Amino acid sequence: MDFDLTNEQQLLRDGITKFLAARYHLESSRAAAKTGAGWQPDIWRGFATELGILGATLPEEVGGIGGGPVELMIITEALGHALVIEPYVDTVVVAGGLLHRAGGEVAKSVLQQIVAGGAVVALAAAEADSADRWQEVSTVAEPDGDGWVLNGSKIMVVGAPLATQLLVTARTPGVDGISLFITDADSAGIEVHPYRTIDDRRAADVTFKDLRLSPEALLGEQGQAGQSLARARDDGAAAVCSEAVGCMRKVLADTIEYCKQRQQFGQPIGRFQVLQHRMVDMYMELEQSVAAVYLAILNLEADEATRARAVSAGKATVGRAARFIGQQAVQLHGGMGMTEELAIGHYFKRLTAIQYEFGTTDQHIARYAELTAS
């Protein structure tokens, strides 16, 4: 199998890397995360107008480039390497995929806004009683004339405080399955309780009380969003796995450099064989993760069972590696590893969060075992 990038893909990777190196600095991004809106809107606009990555994997009919899973891997790994907190995966990968598969004029219009950098869309799917099991939905949308009235609540909606629109999963009376609705994030009837996550992202718990929606707010057919949600979950899992690879590359490189400079007993600690063994183990975990991400990414467009197996294998492998590499990096840096001054502590927090996004490591191990057995 050929893993070489095409010329266009290499240009995409180089362009993102140069942009982030010049414009995206850890100090300014962490300062933005802790104050004000919690992100850098000018960077988001740059993603749209200067890099074009907000439309790189979206279809051409909405202004995108029509790229595929490999382009997704290139973009998310670069974003992970720079520890970008802007909601690319949530808006472009998860919400963008759901909108594209739903079809219709409303979805097309929102996708065009995403490509142009004018929209941030968050998926409200998880609920308090079901945690991140998206198929267990108690939020209800009742018919109201030609439209709908939606009631319920969602938890841990990543990107909600920044969002211009929300995608909401709900049950509709008399119809089996899950339906998907879209609403403006500032609509009357929506109560948002925002907070900053451990990895400096913005999320919120959201309550919907008598939220009135137009007929066009229903995306796709009633009760038919289940398969699209399953695909969105796997797309998101593969994307954060690729992001984790970018994080782990940076963490390993910084750890090696630190061990070359840190002096103990009159010599760099990197000369001690026991620490060299640790760094080799970190490298091996990283290489296994790279292979696992290739497996997941290259099977995103396969049949559902094959896709699910590949993604779960990737997520389980990356989850284990993220934990190991993050912990070893912090330990090799000593107490400084968890300080705000060093990048390592920030990357460690993001790697920890990734282990729980779109299904935990244990959940994906269980799903892989079940799919393999069947």
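Author: Helix 5 bends by about 35 degrees at Gly96. The bend is the angle between two fitted axes, one for the seven residues ending at a position and one for the seven starting there. Helices here are DSSP runs of H or I with at least four residues, strands are runs of E with at least two, and both are numbered from the N terminus.

The model is predicted, so local features need pLDDT of at least 70 and side-chain atom pairs need pLDDT 80 or more, while totals for chains, interfaces and linings use all residues. Residues are numbered from 1 along each chain as its sequence is written, and side-chain values use heavy atoms, leaving out hydrogens and water.

Back to the helix. Helix 5 covers residues 88–102, 15 residues in total. Its first and last C-alpha atoms are 20 Å apart, close to the 21 Å expected at 1.5 Å a residue. That expected span is 1.5 Å times one less than the number of residues. Gly103 follows helix 5, with a positive phi near 70 degrees.

Is helix 5 enclosed or open? Of its 15 residues, 12 are buried, so helix 5 is largely enclosed by the rest of the structure. Buried means under 20% relative accessible area; exposed is over 50%, and partly exposed is in between (1.4 Å probe, protein chains only). Gly96, where the bend sits, is one of the buried residues. Others include Tyr88, Asp90, Thr91 and Leu99.

Helix 3 (residues 41–51) packs nearby in the account. Its buried residues are Ile43, Trp44, Gly46, Phe47 and Ala48. These pack against helix 5, and also against helix 1 (7–23), helix 4 (69–81) and helix 6 (105–116). Helix 3 is followed by Gly52, whose phi is positive, near 75 degrees.

Setting aside residues up to four places away in sequence, Phe47 touches Phe19, Leu20, Gly52, Ile53, Leu54, Leu79, Val84 and Glu86. Contact means heavy atoms within 4.5 Å. Phe47 also belongs to the largest nonpolar core, which has 94 residues. Leu20, Phe47, Leu167 and Met248 have the most contacts inside that core. Helix 7 (residues 226–261) gives the most to this core, with 15 residues. Apart from it lies another core of 21 residues, among them Ala122, Leu150, Ala163 and Ala217. A nonpolar core is a set of buried Ala, Val, Leu, Ile, Met, Phe, Trp, Tyr and Cys residues joined through side-chain atoms within 4.5 Å.

Now helix 7 itself. Its 36 residues should span 52 Å at 1.5 Å a residue, and its end C-alpha atoms are 53 Å apart, which agrees. Of those 36 residues, 26 are buried, so helix 7 is largely enclosed by the rest of the structure.

Last, helix 9 (residues 304–332), which holds Arg320 and Ala316. Ala316 is buried, with a relative accessible area of 14%. Arg320 is partly exposed at 40%. Beyond four places in sequence, Ala316 contacts Thr361, His364 and Ile365. On the same terms, Arg320 contacts Glu285, Gln288 and Thr361. The Arg320 side chain also makes a polar contact with the side chain of Glu285, at 3.2 Å. A polar contact is a pair of N or O atoms within 3.5 Å; within protein, one must be able to donate a hydrogen and the other to accept it, and residues adjacent in sequence count only if both atoms are side-chain atoms.
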